Amino acid sequence: MAEHTIKQFDLELDDLKSRVLLMGGIVEQQMRQAMQGLYEADQNLLTHVEQGDSRLDDAEVQLDTVCNQIIAKRQPTAIDLRIVIGVQKTGLELEKAGNKAVKIARAARVLHDKHPFFTPSVELRHLAEDALDMLRKSLDAFARSDSLAAADVLQADDMVDAEYRSITRQLITFMMEDPRTISVSLEIMNMAKAIERVADHARAVAENVIYISAGMNVRHISVDEVRSHLVNQEKAGH
């Protein structure tokens with residue numbers, strides 16, 4: 001990103017970037033602690049996740065406020081405006097992802113309260129790890145303004161969606177074969193959906209990275225088309 005004549009503007013944009021990455025770190029920690037609380041039946045850890053939601057909410061409100069102040073004061077155009085708008089949208093997606101981590105923690109509490117001997121399936125663990133991997137990679141792409149790395153996150157979302165559908169089919173089969181599994185299966189289904197939504201928010205962060213860096217709105221474009229466009233854009237820039 002080219003430096004501006006007004007050095008303070010560069011510092012303000014760097015501050016926005018730092019705020020987003022701080023929020024991303026909070027979300028990743030919430031997700032890991034929610035899943036650890038589920039795996040270990042750690043009620044204190046689950047409570048900690050639920051109580052930590054306000055910190056992320058406050059960070060998102062502050063980020064939004066700073067973005068609006070920059071727009072009002074600097075009246076940015078072109079790439080600068082894309083950065084500010086993209087940052088605002090990214091902050092909102094991270095706040096929503098944090099909400100899903102809280103939802104997972106609450107579902108985990110219910111599961112262990114109602115079913116003390118519940119053990120998470122391997123499939124659920126894989127789903128959570130893949131969603132976390134997407135989150136981590138989207139934040140890394142944001143930090144490096146790497147559009148091609150962000151495109152990889154879009155590709156990974158298809159795999160997470162397939163995993164979620166597989167878990168759902170499996171749970172429906174359990175409920176049909178043994179009605180006694182309905183209660184626990186519905187709770188697991190709610191948790192799996194929340195994990196899948198975290199992956200969706202990670203994808204949205206990656207989409208924002210591509211919007212900021214390449215000026216592309218990729219919400220209705222195939223991943224192959226996105227990647228081809230980015231490669232061509234990169235070649236044209238050299």
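**Exercise 1. Work out how helix α3 packs against helix α4.**

*Solution.* Start with the geometry: α3 (residues 53-74) and α4 (residues 78-114) pack at about 170 degrees, and their axes are 10 Å apart. Here axes are lines fitted to C-alpha atoms, for helices over the stretch in contact, and angles run from 0 to 180 degrees between N-to-C directions. The angle therefore makes α3 roughly antiparallel to α4; angles under 35 degrees count as roughly parallel, over 145 as roughly antiparallel, 65 to 115 as roughly perpendicular and the rest as oblique.

Next, look for residues in contact, meaning heavy atoms within 4.5 Å. On the α3 side they include Leu56, Leu63, Cys67 and Ile71, and on the α4 side they include Val84, Gly91, Leu94 and Val102. Finally, sort the residues of this contact by class: ten are nonpolar, five polar and five charged. In this scheme Ala, Val, Leu, Ile, Met, Phe, Trp, Tyr, Cys and Pro are nonpolar, Asp, Glu, Lys and Arg are charged, and the others, Gly among them, are polar.

A word on the model before going on. It is predicted, so local features need pLDDT of at least 70 and side-chain atom pairs count only at pLDDT 80 or more, while totals for chains, interfaces and linings use all residues. Residues are numbered from 1 along each chain as its sequence is written, and side-chain values use heavy atoms, leaving out hydrogens and water.

**Exercise 2. Describe how α2 passes α4.**

*Solution.* First find α2 at residues 43-51; its axis comes within 8 Å of that of α4, and the two cross at roughly 150 degrees. That makes α2 roughly antiparallel to α4. The crossing is left-handed, a term for a near helix turned anticlockwise from the far one by less than a right angle, with right-handed used if clockwise. Then list the partners: Gln43, Leu46, Thr47, Val49 and Glu50 of α2 meet residues of α4 including Ala101, Ala105, Arg109 and His112. By class, this contact of α2 with α4 has six nonpolar, three polar and four charged residues.

**Exercise 3. Is Ser147 buried or exposed?**

*Solution.* Begin by placing Ser147 in α6 (residues 147-177). Its relative accessibility is 11%, so Ser147 counts as buried; buried means under 20% relative accessible area, exposed over 50%, and partly exposed in between (1.4 Å probe, protein chains only). Leaving aside residues up to four places away in sequence, Ser147 touches Val209, Ile210, Ser213, Ala214 and Leu230.

**Exercise 4. Place Gly52 in the chain.**

*Solution.* Gly52 sits in the loop between α2 and α3. With a relative accessible area of 21%, Gly52 is partly exposed. Gly52 is 42 residues from Asp10 in sequence, and 31 Å from it in space, C-alpha to C-alpha.

**Exercise 5. Summarise the whole protein.**

*Solution.* Count eight helices and zero strands. Both kinds are DSSP runs numbered from the N terminus: helices are H or I with at least four residues, strands E with at least two. The C-alpha trace spans about 65 × 40 × 20 Å along its principal axes. Of the 238 residues, 46% count as buried.
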